[in-house]
Amino acid sequence: MAKATKKQALGRGLSALLKDPDNDIKSVNDKNADKVVGNIIELELESIDVNPFQPRTSFNDETLRELATSIKEVGVIQPITVRKLDFNNYQLVSGERRFRASKLAGLKTIPAYIRIANDQESLTMALVENIQRQDLDPIEIALSYQRLIDEISLTQEQLSDRVGKKRSTIANYLRLLKLDPIVQTGMRDGFISMGHGRALIGAEDQQQQLDIYEKIIGKSLSVRETEKLVRSLNETTESSGETSKTSQLPRHISKGIKEFSDYFGAKIDIKVSNKGNGKLIIPFSSEEDFKRLKKLINSED
């Protein structure tokens with residue numbers, strides 16, 4: 001118990017150090033920076049700004065209130081992480097739920113780790129830590145992955161190393177962003193699961209996605225039933241001659257199409273002649289999507 005009291009007192013002492021304008025710490029090379037960076041320090045809540053890079057865009061009021069009650073009883077167990085912006089001014093890197101709940105609980109200060117980082121480092125830290133620790137919905141995770149790819153210029157392979165996920169897993173999340181916005185919203189609100197979303201990606205166009213989405217909601221279709229419905233619609237379309245007949249392809253090619261699709265995060269089309277030669281068609285939906293595909297191809301050089 002004495003150790004905990006000493007640690008808390010130390011945090012308050014360091015907090016006082018940060019309020020000394022004559023010794024303002026702006027970089028890791030400044031005097032006393034080693035006493036601050038990486039240590040747990042009690043910061044005033046009013047001196048902390050929320051992080052504009054926070055991938056979570058919605059917070060459940062009920063769970064926030066439950067966390068606030070817990071904080072009132074036992075305090076903030078896991079410190080938040082902030083980066084120093086200016087004198088006595090900080091920005092959240094991670095821990096927004098704890099930050100919000102502490103305000104609800106009526107706290108004036110909160111334990112925090114202090115980092116000195118530029119915007120890009122802050123974005124990387126915030127996204128990677130939240131992907132790993134927070135209960136984000138599938139679309140929030142997909143958006144976080146896409147931001148890391150676009151704003152930090154990471155390939156899917158590099159992103160895989162950063163977040164400790166298989167590249168095929170990341171590709172599956174990114175493919176969710178191709179769904180109609182209404183379907184994405186339904187997934188974020190919990191009306192359908194990620195499994196439903198992945199099944200809907202196989203629909204030929206967004207109108208088909210919406211039609212099937214309504215059936216999922218109206219008839220409480222399972223993921224397996226949704227997959228079956230999508231396959232049935234696609235087979236009907238193929239029999240009308242609107243798409244290539246995958247079922248007539250050699251087995252090694254039809255099996256390989258799925259691997260290509262998972263890698264590129266897009267539905268790959270393939271055409272094969274009677275002589276055995278053919279071509280792959282990789283669709284893209286925008287300039288950004290084209291650049292993403294280009295990075296994937298170049299990363300294999």
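**View 1. Helices α7 and α8 are roughly perpendicular to each other.** This close-up, like the others here, comes from a predicted model. Helix α7 covers residues 156–163 and helix α8 covers residues 167–175. Their axes come within 9 Å and cross at roughly 105°. Angles of 65 to 115 degrees count as roughly perpendicular, and that is why this pair is described that way. Which residues of α7 meet α8? Look for Gln156, Glu157, Leu159, Ser160 and Val163. Their partners in α8 are Arg167, Ile170, Ala171 and Leu174. Sorted by class, the contact of α7 with α8 is made up of five nonpolar, two polar and two charged residues.

**View 2. Helix α3 has a buried side and an exposed side.** This helix runs through residues 61–74, 14 residues in total. From its first C-alpha to its last it reaches 20 Å, close to the 20 Å expected at 1.5 Å a residue. Find Leu64, Leu67, Ala68 and Ile71, which are buried in α3. Why do these four sit on the same side of α3? They cover an arc of only 105° around the axis, which means that they share one side of the helix. Just after the helix comes Gly75, with a positive phi of about 85°.

**View 3. The buried residues of α4 pack against several neighbours.** What do the buried residues of α3 pack against? They pack against α4, residues 96–104. Within α4, the buried residues are Glu96, Arg98, Phe99, Ala101 and Ser102.

**View 4. Lys291 and Asp150 are 141 residues apart in sequence.** How far apart are Lys291 and Asp150 in space? From C-alpha to C-alpha, the distance is 9.2 Å. To locate Lys291, look in helix α14, which spans residues 287–298. Is Lys291 buried, exposed or partly exposed? Its relative accessible area is 45%, so Lys291 is partly exposed. For reference, exposed means over 50% and buried means under 20%.

Note on methods:
Residues are numbered from 1 along each chain as its sequence is written. This is a predicted model: local features need pLDDT of at least 70, side-chain atom pairs count only at pLDDT 80 or more; totals for chains, interfaces and linings use all residues. Side-chain values use heavy atoms; hydrogens and water are left out. Helices (H or I, at least four residues) and strands (E, at least two) are DSSP runs, numbered from the N terminus. The expected span of a helix is 1.5 Å times one less than its number of residues. Buried means under 20% relative accessible area, exposed over 50%, partly exposed in between (1.4 Å probe, protein chains only). The arc is that of the directions from the helix axis to the C-beta atoms. Contact means heavy atoms within 4.5 Å. Axes are lines fitted to C-alpha atoms, for helices over the stretch in contact, and angles run from 0 to 180 degrees between N-to-C directions. Angles under 35 degrees count as roughly parallel, over 145 as roughly antiparallel, 65 to 115 as roughly perpendicular and the rest as oblique. Ala, Val, Leu, Ile, Met, Phe, Trp, Tyr, Cys and Pro count as nonpolar, Asp, Glu, Lys and Arg as charged, and the others, Gly among them, as polar.
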